[in-house]
Amino acid sequence: MDKHLFGPVPSRRLGISLGVDIIPFKTCSLDCIYCECGRTTNHTIKRQRFFSPDIIKDEMEEFLKDNVHLDYITFSGSGEPTLNCDIGALIKDIKKKTNTPVAVLTNGTLLYDKNVREDLAEADLILPSLDAISENVFKKINRPAEGLDTEKMIRGLSEFRKIYKGDIWLEVFISHGINDSEEELLKLYETIKKIGPERVQLNSLDRPPAYKGAEPVNIKFLEKIKKNWSDLAVEIIKRTKIREEISSFSKNLENSIINTINRRPLTLEDLMSLTGKSRLELLKYIDVLEKDKKIEPKIVEDKIFYSPV
């Protein structure tokens, strides 16, 4: 099994996406309370080489031989991809090998670093996050590593916007009782307007979070924000496409997950061991199966178990 590629998988934001994971599990500059991948175990802002870039390049070259339809090749995974100091070189290498656009899912925290801005400038689409402007709200919802603050993060986004020629789709994750006050939403609106992304994507919790206390807002609340921010290109993030629209969706893997869970409740780690699939790839299938009400998550002693409905 590939060590750094996963999918192609159905993405709520990017259609059919091949994931490129270049960060060890849960190495991140934030420890967001709502993260679907769980709690951050390596909390850092130090960039470094985690893997040999040649291994990732070879995996990509081998995959592209099959000429599979892709909407995007996406740097994402279970950590912050810009912590890998090779990301710029890897983006350049991919763009030499294929015309498929390259996207980067990032929390945007390291864009204050000129080197990070230059690395990401090579991509076709950048999808950063911005959940809070007030420092106390930022610490509560995003739990930043030492050395990060909202002023530095916003300055980085603004500087990147000045040099970047591609599109920026800015995600704003709304959590009930944390960053949903009128005051905080107004600050977000004013800041986002200054940054000037091509799209603003509103999101909220729809699976078990990393920490208790993270709660979703309902769709009506998101629609109200969209209406209030009518001069911005706002969209509400919805579930993935139905499986019939996704050529890469494996019915065999879906049946395997259901049959296994029907025998006993399992954690994501259990499913990874049993199927040999990556965490991110399994989450995409779980997303569809939850939508179809075939499985449901349950929290038992801080662990998430999936069981039949």
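**Salt bridges and buried residues, step by step**

Colleague: By how much of a helical turn are Asp-93 and Lys-97 separated in helix α2?
Modeller: Asp-93 and Lys-97 are four residues apart in helix α2, and they are therefore separated by about one helical turn; please keep in mind, here and below, that this is a predicted model.

Colleague: What makes Asp-93 and Lys-97 a salt bridge?
Modeller: The closest N and O atoms of Asp-93 and Lys-97 are 2.8 Å apart, and because the cut-off for a salt bridge is 4 Å, the pair counts as one.

Colleague: How do you know whether Asp-93 is buried or exposed?
Modeller: Its relative accessibility is 15%, and since buried means under 20%, Asp-93 counts as buried. Lys-97, in contrast, has a relative accessible area of 32%, which lies between the limits of 20% and 50%, so Lys-97 is called partly exposed.

Colleague: Which residues do salt bridges that share partners join into one network with Asp-93?
Modeller: The network consists of Glu-61, Asp-93 and Lys-97, for Glu-61 also forms a salt bridge with Lys-97, with the closest N and O atoms 3.6 Å apart. Glu-61 belongs to helix α1 and Lys-97 to helix α2, so this pair ties together parts that are 36 residues apart in sequence. With a relative accessible area of 41%, Glu-61 is partly exposed.

Colleague: How do you know that the buried residues of α1 line one face of the helix?
Modeller: The buried residues in α1 are Pro-53, Ile-56, Glu-59, Met-60 and Phe-63. Looking down the axis of α1, one finds them within an arc of 125°, and so they line one face.

Colleague: Why is the pair of Glu-171 and Arg-13 called a salt bridge?
Modeller: Their closest N and O atoms are 3.2 Å apart, which is within the 4 Å that a salt bridge requires. Glu-171 lies in strand β8 and Arg-13 in the loop between β1 and β2, so the pair ties together parts that are 158 residues apart in sequence.

Colleague: Why does Arg-13 count as buried?
Modeller: At 16% relative accessibility, Arg-13 falls under the 20% limit and therefore counts as buried; Glu-171 is buried as well. The side chain of Arg-13 also makes a polar contact of 2.5 Å with the side chain of Gln-201, where the cut-off is 3.5 Å.

Colleague: Which residues have the most contacts inside the largest nonpolar core?
Modeller: This core has 86 residues, and those with the most contacts inside it are Phe-75, Leu-120, Leu-130, Ile-192 and Trp-229. Helix α10 gives the most to this core, with six residues.

Definitions and conventions
Residues numbered from 1 in each chain as written. Predicted model: local features only at pLDDT ≥ 70, side-chain atom pairs only at ≥ 80, totals over all residues. Heavy atoms only, no water. Core = buried A, V, L, I, M, F, W, Y, C linked by side-chain atoms within 4.5 Å. Buried < 20%, exposed > 50% of the residue type's maximum accessible area, 1.4 Å probe, protein only. Helix = DSSP H or I, 4+ residues; strand = E, 2+ residues; numbered from the N terminus. Polar contact = N/O pair within 3.5 Å; in protein donor to acceptor, adjacent residues only side chain to side chain. Arc of directions from axis to C-beta. Salt bridge = Lys/Arg side-chain N within 4 Å of Asp/Glu carboxyl O.
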